[in-house]
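Please look over the sequence and the model shown below before reading on.

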Amino acid sequence: MSGLPSGILSHTRKVQSLYKRSLRNLESWYDRRHIFRYHATLLRARFDKNRNIQDMRMARDLLVAGEQELWEKQHYQPKKFAGSPGGCAYEREVIPPDWVLDYWHPLEKAQYPEYFARREQRKKEYVEWWEKTYGKPSANEAHH
């Protein structure tokens, strides 16, 4: 949920986002670090030149022009981080559900006695809460 937009973005936030996306685009175009840094410095100078503009109409027009320029100069195959959406390892790590621990061998459970004792206590508390909230299942429901 944290990746979803939640509200109106300020002009400053939009400019920051444009700057970061522009840097990532430069990173895709220039694989040699010193060349990338040169172009990143030029990009930063362009942003700093318009930093103190007070006229919001002019600032908005510059932002729209910057978005358009980024769209026109976007890389045909942008770099993606492995763990980011679109990356080769995105959501590759499977997090096992909690019930898997119920099938551990008793010798494995014996290595973590405090954890499994606490876990069993929490399972009992959860069953009590469930029965208090929703009632006990009837005999018919228990067999289905």
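## The loop between α3 and α4

Glu 91 is placed in the loop between α3 and α4 (106-110), where helices (H or I, at least four residues) and strands (E, at least two) are DSSP runs numbered from the N terminus. The model is a predicted one, in which local features need pLDDT of at least 70 and side-chain atom pairs count only at pLDDT 80 or more, while totals for chains, interfaces and linings use all residues. Residues are numbered from 1 along each chain as its sequence is written, and side-chain values use heavy atoms, with hydrogens and water left out.

Most residues other than glycine have a negative phi. Glu 91, a residue other than glycine, has a positive phi near 55°. Glu 91 counts as exposed because its relative accessibility is 65%; with a 1.4 Å probe and protein chains only, buried means under 20% relative accessible area, exposed over 50%, and partly exposed in between. Val 94 lies in the loop between α3 and α4 as well, and is exposed, with a relative accessible area of 69%. Between the C-alpha atoms of Val 94 and Ile 53 there are 48 Å in space, and the two residues are 41 apart in sequence.

Ser 22, in helix α1, is buried because its relative accessible area is 9%. Leaving aside neighbours within four places in sequence, Ser 22 is in contact with Leu 43 and Leu 70, contact meaning heavy atoms within 4.5 Å. Asn 25, also found in helix α1, counts as buried at 13% relative accessibility. With its neighbours within four places in sequence again left aside, Asn 25 is in contact with Leu 70, Lys 73, Gln 74 and His 75.

Gln 54, by contrast, lies in the loop between α2 and α3 and is exposed, with a relative accessible area of 68%. The C-alpha atoms of Gln 54 and Asn 25 are separated by 28 Å, and the two residues are 29 apart along the chain.

## The two largest pockets

The largest pocket holds about 1,000 Å³ of space. On a 1 Å grid over the protein atoms alone, a cavity is a set of points where a 1.4 Å probe fits but cannot get out, whereas a pocket is an open set with protein on both sides within 12 Å along at least five of seven lines, and lining residues have an atom within 4 Å of a point. Grid points are joined across faces, edges and corners, and a volume is the space filled by probe spheres set on the points. Among the 31 residues that line the largest pocket, Leu 18, Tyr 19, Leu 43, Arg 46 and Phe 47 lie nearest its centre. Two or more lining residues come from each of α1 (11-29), α2 (33-49) and α3 (56-72), and α1 gives the largest share, 10 residues. The lining divides into 16 nonpolar, eight polar and seven charged residues, with Ala, Val, Leu, Ile, Met, Phe, Trp, Tyr, Cys and Pro counted as nonpolar, Asp, Glu, Lys and Arg as charged, and the others, Gly among them, as polar.

The second largest pocket holds about 580 Å³ of space. It is lined by 19 residues, of which Ser 17, Lys 20, Arg 21, Arg 24 and Asn 25 are the closest to its centre. Here the elements that give two or more residues to the lining are α1 and α3, and the largest share, nine residues, is from α1. This second lining divides into five nonpolar, six polar and eight charged residues.

Domain 1 (11-73) and domain 2 (98-134) are the divisions of the chain, with bounds that come from an automatic or database domain assignment. Taken over C-alpha atoms, the centres of domain 1 and domain 2 are separated by 53 Å.

Helix α5 (residues 113-134) has 22 residues, which at 1.5 Å a residue should span 32 Å, and its end C-alpha atoms are 31 Å apart, which agrees. Just after α5, Gly 135 takes a positive phi of about 85°.

Definitions and conventions: The expected span of a helix is 1.5 Å times one less than its number of residues.
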